[in-house]
Amino acid sequence: MKAPYIYDVSLPSGYDENRVYPVIFTLHGKGSNEKNMFGLVESLSEEFIIIGIRGNMILGAGFQYYDLKSLGHPIREQFDQAVSQLQQFIEYATDKYPIDAKHRYLLGFSQGAILSMTLALTMGNLLRGIVALNGYVPGFVKTDYELKSVQEVSVFISHGEYDSVFPISVGTETAAYFEGLTPLLTFKTYPSDHGVLPQNQQDLIAWLRQNLGSDKL
């Protein structure tokens with residue numbers, strides 16, 4: 001099977017093909033690339049396989065996974081295709097690398113967060129958890145998609161209190177939506193614009209380590 005996306009992979013040094021590893025798939029924001037998110041989780045590179053997925057549509061000097069009709073309104077056909085192809089990619093990578101299918105995590109920012117939350121809702125417990133930074137769930141996903149239970153999916157959502165792209169109200173509404181779907185929700189806000197502060201990074205790293213460790217107790 002050919003990979004649906006160009007990607008960047010970081011394997012733990014001295015990794016053993018005879019064992020399996022947890023994985024973090026990273027999904028970047030509009031106009032960025034597959035390497036952009038690695039810095040957020042580089043400190044986990046000896047514990048996790050980390051795979052950055054590049055959007056397949058060119059946007060300026062970077063890339064995106066889909067385009068918009070207007071802010072907050074994805075072009076439906078492109079969005080649907082991205083969700084389908086990302087699911088295919090996750091299965092492709094799980095077959096290609098020594099990945100523990102029970103410990104697959106998504107980490108997304110902005111457009112990547114939107115897709116991470118959508119994939120959690122469409123894949124259910126095929127994912128162990130997601131980290132969604134400054135995103136939302138499109139209305140048509142909630143009403144038109146066939147949604148799976150996320151009762152057993154751990155969800156970390158964070159949002160900037162001064163986000164000038166998606167106001168903080170978007171973050172609180174998104175968290176409230178997931179609160180009704182899973183008991184495994186963590187929601188945090190930070191005094192930032194549309195970005196990730198060092199404290200946000202530290203918290204998501206700690207959350208990923210704690211989440212992984214809780215399964216091994």
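Setting aside neighbours within four places in sequence, phenylalanine 79 is in contact with Tyr66, Pro74, Ile114, Leu115, Thr118, Pro138, Phe140, Val141 and Tyr145; contact here means heavy atoms within 4.5 Å. The model is a predicted one, in which local features need pLDDT of at least 70 and side-chain atom pairs count only at pLDDT 80 or more, while totals for chains, interfaces and linings use all residues. Residues are numbered from 1 along each chain as its sequence is written, and side-chain values use heavy atoms, with hydrogens and water left out.

Buried stands for under 20% relative accessible area, exposed for over 50%, and partly exposed for what falls in between (1.4 Å probe, protein chains only). In soluble globular proteins, nonpolar side chains tend to be buried together.

Beyond its neighbours within four places in sequence, isoleucine 205 is in contact with Leu40, Val41, Ser43 and Leu44. Helices (H or I, at least four residues) and strands (E, at least two) are DSSP runs, numbered from the N terminus.

**The sheet and the helices across it**

Next comes the sheet. Seven strands form an open sheet with mixed pairing, in the order β1-β3-β2-β8-β9-β10-β11. At the edges stand β1 (7-10) and β11 (185-190), each with a single partner strand, so one side of each is left without a neighbour in the sheet. From one strand to the next, the twist averages 15°. Two strands pair if DSSP finds at least two bridges between them.

Inside this sheet, strand β8 (residues 99-109) and strand β9 (residues 129-133) pair in the parallel sense over five bridges. Glycine 108 stands opposite alanine 132 in β9.

Two helices lie across strands of the sheet. Helix α5 (residues 168-179) lies across β10 (154-160) and β11, and runs at about 165° to β10. Helix α6 lies across β2, β8, β9, β10 and β11, running at about 175° to β10. For such angles, axes are lines fitted to C-alpha atoms, for helices over the stretch in contact, and angles run from 0 to 180 degrees between N-to-C directions.

**Salt bridges**

How many salt bridges does the structure hold? There are six, each being a side-chain nitrogen of Lys or Arg within 4 Å of a carboxyl oxygen of Asp or Glu.

One of them joins arginine 54 to glutamate 34, with the closest N and O atoms 2.9 Å apart. Arginine 54 is in the loop between β3 (49-53) and β4 (57-59) and glutamate 34 in the loop between β2 (21-27) and α1 (38-41), so this pair ties together parts 20 residues apart in sequence.

Glutamate 47 and arginine 209 meet in another, at 2.9 Å from N to O. Glutamate 47 lies in the loop between α1 and β3 and arginine 209 in helix α6, so the bridge ties together parts that are 162 residues apart in sequence.

Arginine 76 and aspartate 144 form a further salt bridge, at 3.1 Å from N to O. Their positions are helix α2 (residues 76-96) for arginine 76 and helix α4 (residues 139-144) for aspartate 144, so parts 68 residues apart in sequence are tied together. Salt bridges with shared partners join Arg76, Asp80 and Asp144 into one network.

Here is the accessibility of some of these partners.

| Residue | Relative accessible area | Class |
|---|---|---|
| Glutamate 34 | 9% | buried |
| Glutamate 47 | 30% | partly exposed |
| Arginine 209 | 36% | partly exposed |
| Arginine 76 | 26% | partly exposed |
| Aspartate 144 | 49% | partly exposed |

**Two positive phi angles**

Serine 110, in the loop between β8 and α3 (111-123), has a phi near 55°, a positive value in a residue other than glycine. Serine 110 counts as buried, at 9% relative accessibility. Asparagine 134 lies in the loop between β9 and α4, and its phi is near 60°, again a positive value in a residue other than glycine. Asparagine 134 is buried as well, with a relative accessible area of 0%.
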